[in-house]
Each structure stands twice: as structure tokens, then as C-alpha cells.
Amino acid sequence: MSAPTSPSGPPSDVGLPARKAALALFAAGLESRGGFDAALSLPAFSSLSPRDRAWTRALVATAFRRLGPIDRALDARLKKPPPDAVRQLLQIGAAQLLFRDTPAFAAVSTSVDLARTHPSTKPFAGLVNAVLRALSRDGIGEPGPEAHAPAWLFARWKAAYGEAAAQGIAALIPGEAPTDLSLRDPADRDVLAEALEGQILPGGSLRTQRRGDLSEWPGFSEGQWWVQDAAAAVPARLLDVKPGETALDLCAAPGGKTLQLAAAGASVVALDRSAQRLKRVTENLARMGFKAETVTAEADAWKDGRTFDAVLLDAPCSATGTFRRHPDVLWASRPGDIGSLAGVQARLLDAAAERVKPGGRLVYCVCSLEPEEGEAQVEGFLRRRPDFRLTPASPEAVGAPAEALTAQGSLRILPSSWAETGGLDGFFAARFDRAG
Ligand SMILES: C[S@@+](CC[C@H](N)C(=O)[O-])C[C@H]1O[C@@H](n2cnc3c(N)ncnc32)[C@H](O)[C@@H]1O
């Protein structure tokens, strides 16, 4: 759900099809991680005009970013929980009413019309009308940061990082993230920073508050940059590949880190289980003018005997650190996901270790805020593999905030770092060196 564009034109003439599509995207995003992205290919959404698609995406992103306060306001007005479909109608209606520039009458009347279109929601049309009118009249006040996060995730962040840090993370949930770019050639930084009205961050990423179609931005078609959150650019720097080295990027798609390894002059193999997602890697490599070998395989079942100087494992994870760009992740994640993902991560780490040459190195990273997917993985791995040691990171050398360095020597980047300019994705990264 990256950088939704603002709707153009008056929103009051957006009709029921766009609102139906918004409900479908929203329901899919609540249902499962990745559900929102998958639903973008549904005809209900893809058949809309470009303007209505932009309006719909922006509305659904707003609904996810504001869902904490919206739910509290709804709960205060509902005597008993309505069916899910009715609740979702109310949530999307409230997002329009309170956080988009939709006139109140349009938000209420279209929500009531939508309720009437389906037998399961029709009996609740009166309730939808009454609750949204009450919200429109009373507003929802100024909720504190904590109100923006799902309660179970806020409790986890508080336990892991303390109250103030948890509040700092939650405070970023309602806002839109700036766009960070990784530059192909650091020498272009000043020219591109000026052209894109951006600033250069400590690691060399360019941050811009621009919105809109990236393919029209200066330097896109020339392959001068690719989109990559400044925190996501840290793990490949930690791997520190040198020209001519061999590097394996496990779980590579869509390829942000593959591009960094290729830009550093390594001979790269980019592996992912998804052939469809690997196409994005190939496209990105072509646009940037880089080469890499791409492989479709399960990382722990790849039948190939090669070992590498440097291996990067960007493991599948709960992705709770990416809520600034994907606010749906907070609401699609379930407490049970974290334990099962931690099992997958440990398995993939062991497979990645087998690919590291004696004397070579391994970086493990996840875009999760949950310690089971980060610090605990490091502890487990070091117990299982005494031939690897953790090499403490230098935040300054890899463009990470100084406070990201943990006692363990790994990097725990919180979204609230560099909050003045829009924060960072939450990331965890650790580097291991294998005995020679
Ligand atoms: C966090 S994304 C990777 C982002 C990527 N490294 C980048 O920087 O652009 C995780 C990727 O892992 C892939 N993946 C998940 N499980 C995998 C497995 N067992 N083997 C290979 N790839 C896997 C998914 O298809 C997905 O593309």
C-alpha cells in the first residue's frame, strides 16, 4: 500500500462501485497478511477508472491508519457487536466521514445504500445510519498515540522497548511515510536531491516528501535510483560486499537488496520461491542496468552445491515494522503468526548458513518489530552454529541510527528513529562471520 496518491477531483461524485471496491480491499486486508495487495487484482477494483482507484486506495489506507480510534468510537456506540460485514461498512464510512474530505451526507447516505445492497447487511441499514450520524455530530476527539495500535501489538512493543518507545512507534501509525530512494551512483546525490526536493540521509539514501507517479520523477527512466526505505538499505550495507565477490540473496523479491549487492560489484544470485515476484527483480535489474542470476526455489530446498562469500537472508516475517507503508499489516497480523514465523526463520537461517563459504559472512534481517523474529533468532542460531560468531555492527558505518545498536551487537531499528522527517521502517539486522 505504498504512497497512495491523493484523489483528484471532487470526491462527492465517486459512486457506489468505488465504495464497494473499498470494502472489498479493506475486508481482504483484515483477513490475512498480503490480502490487501492480492485484492488489488480483483475486478471490483481493477475495473475502476484511474481516478476512482486512487480515491479507493487512499480511503482504505486511511481506514487502516485510523482504525484504532475508529474502532473505539464505534464500540462506544454499539450495544453489541454487529456482523463483520456491517462493522466494515461502519469502519469505511467513519474513515470517510472523519478523515477524508467526503461530505458527511455523502459518507452516510452511500454507506446506508451499500448496506441495503446485500441481504446480510440490509437489516442493519438503520443502525449504520444512526451510528454514522452520531459520529458525524460528536467526532472522536484527540486520541493519544497508543489508541492507534492494536492493543496486543502495543503491549508487545511496550514489553520489548518500554512505554515511551512504544508510544513513539504508535504515534507514527496515522501518518504517511516519505519516499526513500537508494542511489545507483552516490556522486548523483546533490543533483538528485535538488531535482527531487529531497535530503540525503546519513547512509546515503535520498528522502523526499513528494507524492505521485514515481515513473515520472527525474532519474527514474535513467535508472539513477530505486525505491527503498532507508532502514531497508541497512542490511546489505552490513554485508559489506566487495567487487568480484560472490553473493547470494535469499528471499530476494522484489529486489531492493539485490540491487544494492549488484551496485557494489558483487556477482549475485537472487533466489525467491515466487516466480511472479522474481519478475519484479528482473525488471528492476533491467531498469538499473545491473545483472544477476535469478533462481526460483525454496531457500531450504535449493538443489545447488554452490557456497558464497556473502549471504543475505531477508526472511519472511510478520512485517510489523512496515506499517508506515503497509498500515494493513497491523490489523492482519495475529498473535499466533509470530511463533510460526519464528520457526520458519530458524529453518531458513540454518539453510542460509550452509551456503556461506568458510571465512564468509551472513546477514540475517527482518522488517519485524517482534523480538522473537530478531534478537531471539540470533541467540538460537549462535547456539546451533558454534562455527559462526556475531560481528557487532557499527551503526554509523551502515547508515543506521546510533540508538539502533543492541547489547547483542545486532541492529534494532525502530520506526520512531528520525521521526522529525517521517521515521523509518522497523528493521532488525545481524551479521555473522563463519570460521575460516
Ligand atoms: C521480505 S520479502 C523480501 C524483500 C527483498 N529482500 C527486498 O529487499 O526487496 C520476503 C520474500 O521472501 C520470499 N520467500 C518466503 N519464503 C521463502 C522461502 N522459503 N524460500 C524462498 N523465498 C521465500 C517471498 O516470496 C518474498 O518475496
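This is a predicted model: local features need pLDDT of at least 70, side-chain atom pairs count only at pLDDT 80 or more; totals for chains, interfaces and linings use all residues.
Strand 1, which covers residues 179-183, pairs with strand 4 over three bridges in the antiparallel sense. Within strand 4, W226 is the residue that stands opposite S182.

## A parallel pair

Strands of a sheet pair through backbone hydrogen bonds, in either a parallel or an antiparallel sense. Strand 5 (residues 246-250) and strand 6 (residues 267-272) run parallel and are joined by five bridges. In strand 6, A270 stands opposite D249. Strand 5 is mostly covered, with four of its five residues buried.

## Ligand surroundings

The ligand is surrounded by 15 residues. The closest of these are C251, G256, R273, A299 and D314. By residue class, the shell around the ligand holds six nonpolar, three polar and six charged residues.

## The chain as a whole

The protein chain contains 18 helices and 12 strands. Its C-alpha atoms fill a box of roughly 70 × 45 × 40 Å, taken along the principal axes. How does the radius of gyration of the protein chain stand against that of a compact globule? For 436 residues, a compact globule would have a radius of gyration near 22 Å, and the 23 Å of the protein chain agrees with this.

Of the 436 residues in the protein chain, 47% are buried. Among contacts between residues at least 6 apart in sequence, 69% join residues at least 24 apart.

## S41

Is S41 buried or exposed? S41 counts as exposed because 8 other C-beta atoms lie within 10 Å, and a residue is exposed if that count is 12 or fewer.

S41 and D433 are separated by 392 residues in sequence. In space, the C-alpha atoms of S41 and D433 are 42 Å apart.

Terms used
Residues are numbered from 1 along each chain as its sequence is written. A residue is near a molecule or strand if its C-beta atom, placed from the backbone, lies within 6 Å of it. Ala, Val, Leu, Ile, Met, Phe, Trp, Tyr, Cys and Pro count as nonpolar, Asp, Glu, Lys and Arg as charged, and the others, Gly among them, as polar. Two strands pair if DSSP finds at least two bridges between them. Helices (H or I, at least four residues) and strands (E, at least two) are DSSP runs, numbered from the N terminus. The radius of gyration is taken over C-alpha atoms; the globule rule is 2.2 Å times the number of residues to the power 0.38. A residue is buried if 20 or more other C-beta atoms lie within 10 Å of its own, exposed if 12 or fewer, and partly exposed in between; C-beta atoms are placed from the backbone. Two residues are in contact if their C-beta atoms, placed from the backbone, lie within 7 Å.
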